[in-house]
Amino acid sequence: MLTYDILIVGSGGAGLYAALESRLQEKLQVAVLTKVYPTRSHTGAAQGGVNAALGNYDPTDSWEQHWFDTVKGSDYLADQDAAEMMCREAPTVVREMEHWGAPFYRTDEGKIAQRPFGGASKPRACYAADKVGHIMLHTLYEQGLRHGVDYFNEWFALNLVHDGQRCIGINAFSIRTGRIYTIQAKAVILATGGHGRTYWTRTSNAYGNTGDGSAIAYRAGLPLKDMEFIQFHPTGLRRSGILVTEGARGEGGYLLNGEGERFMQRYAPDKMELGPRDLVSRAIETEVREGRGGPDDEVFLDITHLGPERIQERLPQIRQLCIEFEGMDPFEEPIPIKPTAHYSMGGVHTDINGLTSIDGVYAAGESGCVSVHGANRLGGNSLLDILVFGRRAGQHAMQYASSVEFAEVPDSALTEAETCIKELMEGDGKETVASIRQDLGRVMADKAGIYRDGKGLAEAVNDIEELQHRYKRLAVKDRNTVFNTDMLAALELRNMLALAELIALGALQRTESRGAHSREDYPERDDQNWLKHTMATLGADGRPNISYESVAITKFKPEARTY
Ligand SMILES: Cc1cc2nc3c(=O)[nH]c(=O)nc-3n(C[C@H](O)[C@H](O)[C@H](O)COP(=O)(O)OP(=O)(O)OC[C@H]3O[C@@H](n4cnc5c(N)ncnc54)[C@H](O)[C@@H]3O)c2cc1C
């Protein structure tokens, strides 16, 4: 049997940092299991920056200000103790990344360069061109190899093995052979990233961001928190939804509507284009609805005035993406953009060490929810979250794994995984993954998008239930075991359908507007009734149970959120 002290599922920044951290101090056996090659994880697509109040650009910046910006950005739903910890630890983790070799851009004095980002009162996003995730991911992977982390590349995690109290391990299969294994582990860290792909038809997310770890935790009986909060990034390329970083606005880019007007003055007169993402996305949607969009219901991001040299130095990837995916050159004309589903604020409910209610089971990164982002994440705070909480989960798991023995693996350990695969492979219905996935994407975009209302959300809940029924009539056409991507896509779809239901249901029940959750029938924030986290747990009847938990408010009293 395969046995590790600590098994980490996911090789994005959160997983790799957790692995490295738990390997550094103690000689425990640590492995990372991932469905893609590690450096292809979505963290590598992060463009704009990672926040830390280093004060290299503005010496008056402080972690306290970063903390306040984060809490305000979250529309007061973030747990303030957790947000405090993240902002306090930010300079340490960013410098640690630097010492491991991450080549951040520099100021003239040789310090780490920082650029302005949305919703932040000071320029504090540390960057390297528009490829900051790429440099972080490669640095972490290299250091993991150097420090003896094992990697299971192109393996797919199916479920947790546990006895309700303690972690026993996981079931996973090798995509190359199709063979299913139980991997015994004292501690498992789920670091499987977000679930933006539930908005299949328009998202900035990688194809793999299907929320597998969150769905695994949910099926294991663990609560998922604040799932209704999905961030729409204001600037996705018009046709593909591929991201154009907030860094483009940080560098001085501005937004124009179809009439050539800088419309943000109507919505955020102080912050303008650098308002927080929920606000800017709504502003774009409103312009388009009121007939001031472009011919294709888009608006425009103008960076031409920055000039070719600066664009090439600071935003080279953006230019490349525009040429390849939009057929236009941002040296010469404004970039056509529309908002795109981007980030999952919700995820597996954990404490500040990433621990869940099962001993030895952790979640970190975008699949976890501590919560530091509340109802709306600030740009640059997610890369920070994965570093701070990936590291903490790694440290805590290391201490835990050093102090306990392995739990015995029961004979029935493989049953759940084998049944799931068997049912899929034997299905002989007429439905295909592609059609259900496409319909799911449409339902989510149309009925659980930037603006929502009770009628649409109730329909979305029913539609998703119907899609879940259709899923039971799915045919996986490829019956092979080797590299069966048809089966893989079916497994991912199962996870997305489970999470989509929680997004729509949480949104339907939350009768207020807060952060990224904007109800047209309840346009105001309602602290009296809704200053609380939504918790979704799988009931014995296979249906979700929704309950609520209080928000930790330590310093900042909720106040009106203006920019
Ligand atoms: C285009 C884009 C740009 C961004 N830019 C920024 C930015 O500039 N600043 C910022 O702060 N944030 C940014 N973000 C957000 C940030 O990049 C992500 O939230 C963060 O990188 C997530 O990291 P992670 O480690 O949690 O997961 P990911 O990097 O998404 O990795 C998930 C891992 O889980 C593995 N996995 C998933 N399911 C399974 C399974 N069933 N079995 C095995 N392995 C599995 C995958 O193989 C992968 O290795 C951006 C996001 C996007 C999409």
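Tutor: Start with the elements. Helices (H or I, at least four residues) and strands (E, at least two residues) are DSSP runs, numbered from the N terminus. This is a predicted model, in which local features need pLDDT of at least 70, side-chain atom pairs count only at pLDDT 80 or more, and totals for chains, interfaces and linings use all residues. Residues are numbered from 1 along each chain as its sequence is written, and side-chain values use heavy atoms, with hydrogens and water left out.

Student: Which element gives the largest share of the shell around the ligand?

Tutor: It is α10, with four residues. The elements giving two or more residues are α1 (13-25), β2 (30-34), β7 (155-162), β14 (335-344) and α10.

Student: Which residues come nearest the ligand?

Tutor: Ser41, His42, Thr43, Glu366 and Ser382, out of 39 residues around the ligand. By class, the shell has 14 nonpolar, 21 polar and four charged residues. Here Ala, Val, Leu, Ile, Met, Phe, Trp, Tyr, Cys and Pro count as nonpolar, Asp, Glu, Lys and Arg as charged, and the others, Gly among them, as polar.

Student: How much of the ligand does the protein cover?

Tutor: On its own the ligand has 1,000 Å² of accessible area, and the protein covers 98% of that. The areas come from the Shrake-Rupley method with a 1.4 Å probe.

Student: Why is a space called a cavity or a pocket?

Tutor: On a 1 Å grid over the protein atoms alone, a cavity is a set of points where a 1.4 Å probe fits but cannot get out; a pocket is an open set with protein on both sides within 12 Å along at least five of seven lines. Lining residues have an atom within 4 Å of a point. By this rule there are four cavities of 30 Å³ or more.

Student: What lines the largest cavity?

Tutor: Its volume is about 60 Å³. The lining includes Met345, Cys369, Val370, Ser371, Asp385 and Phe389. β17 (368-369) and α10 (381-403) give two or more residues each. The classes are seven nonpolar, four polar and one charged.

Student: And which elements supply at least two residues of the second largest cavity's lining?

Tutor: β11 (230-237) and α7 (277-289) do. That cavity holds about 50 Å³. Among its lining residues are Ile230, Asp278, Arg282 and Ala516.

Student: How large is the second largest pocket?

Tutor: About 710 Å³, where a volume is the space filled by probe spheres set on grid points joined across faces, edges and corners. The pocket has 21 lining residues, and Arg219, Gln468, Tyr471, Lys472 and Arg494 lie nearest its centre. The lining divides into eight nonpolar, five polar and eight charged.

Student: Why are β3 and β4 called edge strands?

Tutor: Two strands pair if DSSP finds at least two bridges between them. The open sheet runs β3-β5-β4, with antiparallel pairing. β3 (50-51) and β4 (114-115) each pair on one side only. Take β3 and β5 (residues 125-126): they share two bridges, so they count as a pair by the rule of at least two.

Student: What makes the bond from Val370 to Ser371 stand out?

Tutor: It is cis, with omega near 10 degrees. Ser371 sits in the loop between β17 and α10. Most peptide bonds are trans, and most residues other than glycine have a negative phi.

Student: What is phi for Tyr76?

Tutor: Near 70 degrees, a positive value in a residue other than glycine. Tyr76 lies in the loop between α2 (63-73) and α3 (80-100).

Methods: A residue is near a molecule or strand if one of its heavy atoms lies within 4 Å of it.
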